[in-house]
Amino acid sequence: MFQLDERLALCAEFVREGTRLADVGTDHAYLPVWLALNGKIASAVASDVRVGPLENAKCNIARYGVDSVVSTVLSDGLDSIPPDSAQDIVMAGMGGELMVGIMMRTQWLRDGEKRLILQPMTRADSLRLFLCENGFCIEEERACLSGHKSYSVMVCRYDGRKRSCDDVFRYIGLLEQDASEEARQYIRMVNGKLKKKLNSFAKGSDDYARWEAVTAKLDRLAKEVD
């Protein structure tokens, strides 16, 4: 038996018991294999757009003897995955803008029974903005530290209701309400990047004032548990 790193372990924690899972961009299929070994899922489709990672996934599925539960498919996003094969959809380890592209062309995700577990490596702000503007509710969000880096994992569902997305929510989502040290570390990481962005604007400009206010609020949030 192997252990998932903190990033994938948090994704696994959000997967519902007895669900049919789709793991998009599975790479080595560690997540679906681990879930199958622990009896948490009814079935899983492990997909990747590249042949090499998919071969690695097949090797791990065979190695751990979970081929009756986990299957593989070569797929660009969810393009080759039928809707009835997945109730929980995990997209982890890819950029937020790539996730947005996958969601835009997968209309069957606009079903309130489907749950999306999203762990963006980059551009989480673009992902949150898309979710708010396109009727997806972020029901839960937590942060973790893995390999000295901070990550956020969101659980989302489509309800058709568009939401406002201010600058703070766009960059830290529901972590504003999270007093854990993991959330504070994530906020500090994001704020460091935004402060660099702030320095690209002329002092006294509207853009400078806008981002100065955001970074000031994130400073306050990050210090709440210091």
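At 0% relative accessibility, Ser 47 counts as buried (under 20% relative accessible area; exposed is over 50%, partly exposed in between, with a 1.4 Å probe and protein chains only). The residue sits in strand β2. Leaving aside residues up to four places away in sequence, Ser 47 touches Asp 23, Val 24, Gly 25, Thr 26, Leu 54, Val 73, Ser 75, Gly 77 and Ile 81, where contact means heavy atoms within 4.5 Å.

## Basis of the values

This is a predicted model, in which local features need pLDDT of at least 70 and side-chain atom pairs count only at pLDDT 80 or more, while totals for chains, interfaces and linings use all residues. Residues are numbered from 1 along each chain as its sequence is written, and side-chain values use heavy atoms, with hydrogens and water left out.

Helices (H or I, at least four residues) and strands (E, at least two) are DSSP runs numbered from the N terminus. Two strands pair if DSSP finds at least two bridges between them.

## The sheet

The 7 strands form an open sheet with mixed pairing, in the order β3-β2-β1-β4-β5-β7-β6. Its edge strands, each pairing on one side only, are β3 (70–74) and β6 (136–146). From one strand to the next, the twist averages 20 degrees; axes are lines fitted to C-alpha atoms, for helices over the stretch in contact, and angles between N-to-C directions run from 0 to 180 degrees.

Strands β4 (residues 88–94) and β5 (residues 115–120) run parallel and are joined by 6 bridges. Within this pairing, Met 94 has Pro 120 in β5 as its bridge partner.

## Helices on the sheet

Helix α2 (residues 30–37) packs on the sheet and touches β1 (19–24), β2 (41–48), β3 and β4. Its direction makes about 165 degrees with that of β2. Helix α4 (residues 96–104) lies across β1, β4, β5 and β6, and runs at about 145 degrees to β4.

## Strand β7 and its partners

Strand β7 (residues 149–158) is largely enclosed by the rest of the structure, because 7 of its 10 residues are buried. On the β5 side the strands run antiparallel, with 3 bridges between β5 and β7; Leu 118 stands opposite Met 154 in β7.

The pairing of β6 with β7 is also antiparallel, and covers 10 bridges. Here Phe 136 stands opposite Tyr 158 in β7. The two strands β6 and β7 form a hairpin with 2 residues between them, and Gly 147 in the turn has a positive phi of about 60 degrees.
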